[in-house]
Each structure stands twice: as C-alpha cells, then as structure tokens.
Amino acid sequence: MDYRKATIEDLDVLVTTRIEVLRAANKLGSEADMSEVEQQSRDYYTKALTDDTHTAYLVFDEDKIIGAGGVSYYRIMPTYHNPSGEKAYVMNMYTAPGYRRQGIAYKTLDLLVQDAKNRGITAISLEATDTGRPLYEKYGFVKMNDEMELR
C-alpha cells in the first residue's frame with residue numbers, strides 16, 4: 001500500500017472519495033443528488049489545500065485508490081485547556097470494502113494525528129459512525145459527554 005499526502009493535483013480523487021464517504025455514511029443510493037455537495041467539496045478542497053487548513057492522505061494499491069482520510073484545522077477562542085484555540089477535526093475516513101480490517105484506516109488516522117501534533121495541535125476530535133467507532137477507540141479517542149448540537 002502506498003500512503004500519499006494529497007495535493008491540489010489530487011482534487012478530482014479527493015472529491016470523488018468525499019462523495020463515496022458521504023453516500024456510505026448516510027446510506028444514500030446513486031439516485032441521491034450530490035451535485036451541490038460535490039461542487040462545495042471541490043471549492044473546499046481548492047481553498048483548504050491552498051491555505052493549508054486541511055491535510056488529506058490517499059491510500060493506493062498500485063494505481064487504485066483504496067483509502068482516504070482528512071483533517072481540517074480551525075481556531076476557536078483560547079481556553080484554559082487549549083490556550084492556542086487551535087483545533088483539528090478528523091473526517092472523510094474511508095477504506096474500500098475489500099481492504100478493510102488490514103490496518104489501513106489505523107495507519108491513515110495515525111498520519112493525520114501526527115500531522116496535527118506536528119502543528120502543535122492537541123485538541124483533535126471526530127464524528128464516529130458505528131462502524132468506525134472501534135477503530136477510534138483503539139487509537140485512544142474517547143466519547144465526549146459535554147458537547148451539544150442545535151439542529
């Protein structure tokens with residue numbers, strides 16, 4: 001397996017993989033219109049890869065894309081436990097079905113976490129699906145009890 005940090009030249013692969021992840025996570029069939037999400041994802045990656053607020057890794061088996069993962073960087077007001085206010089949010093983790101349970105997602109996650117730590121960021125969070133939760137727990141992520149969301 002070849003783990004490669006994505007660049008702007010990987011834009012089409014990143015967008016395609018993002019749509020696959022969203023279809024799988026939301027149990028959406030091919031009939032679901034993802035054109036707006038696709039365009040917004042393209043815009044997001046173009047800006048975020050240029051201004052270094054996102055790091056993505058792509059995993060290849062020869063020339064076939066078989067995995068991906070990303071981490072978005074942002075800043076909130078500083079707090080006692082996070083004086084810089086810098087945060088990282090892991091997202092878009094994906095491994096093709098025929099390649100699962102081989103440590104690919106774990107290694108991808110580790111590359112993303114190390115990227116955040118190399119930037120001095122220790123506040124790293126993510127949203128876990130039922131399928132992904134065991135991987136994140138094995139890595140050391142813990143369920144948060146204090147967050148709330150308005151829907």
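The model is predicted, so to speak of local features a pLDDT of at least 70 is needed, side-chain atom pairs count only at pLDDT 80 or more, and totals for chains, interfaces and linings use all residues. Residues are numbered from 1 along each chain as its sequence is written, and side-chain values use heavy atoms, leaving out hydrogens and water.

**Strand β2 and its neighbours**
- Strands are DSSP runs of E with at least two residues, helices are runs of H or I with at least four, and both are numbered from the N terminus.
- Two strands pair if DSSP finds at least two bridges between them.
- β2 and β3 (residues 64-75) pair in the antiparallel sense over 8 bridges.
- In their hairpin, 2 residues sit between the strands, and E62 takes a positive phi near 60°.
- On β1 (residues 2-5), R4 stands opposite L58 in β2; these two strands are antiparallel, with 4 bridges.
- Because 7 of the 8 residues of β2 (residues 54-61) are buried, this strand is largely enclosed by the rest of the structure. Buried means under 20% relative accessible area, exposed over 50%, and partly exposed in between (1.4 Å probe, protein chains only).

**The whole sheet**
- The open sheet has 5 strands in the order β1-β2-β3-β4-β5, with mixed pairing.
- β1 and β5 (124-126) are the edge strands, each pairing on one side only.
- From one strand to the next, the twist averages 25°. Axes are lines fitted to C-alpha atoms, for helices over the stretch in contact (heavy atoms within 4.5 Å), and angles run from 0 to 180 degrees between N-to-C directions.
- β4 (residues 86-95) and β5 run parallel, joined by 3 bridges; A88 has I124 as its partner in β5.
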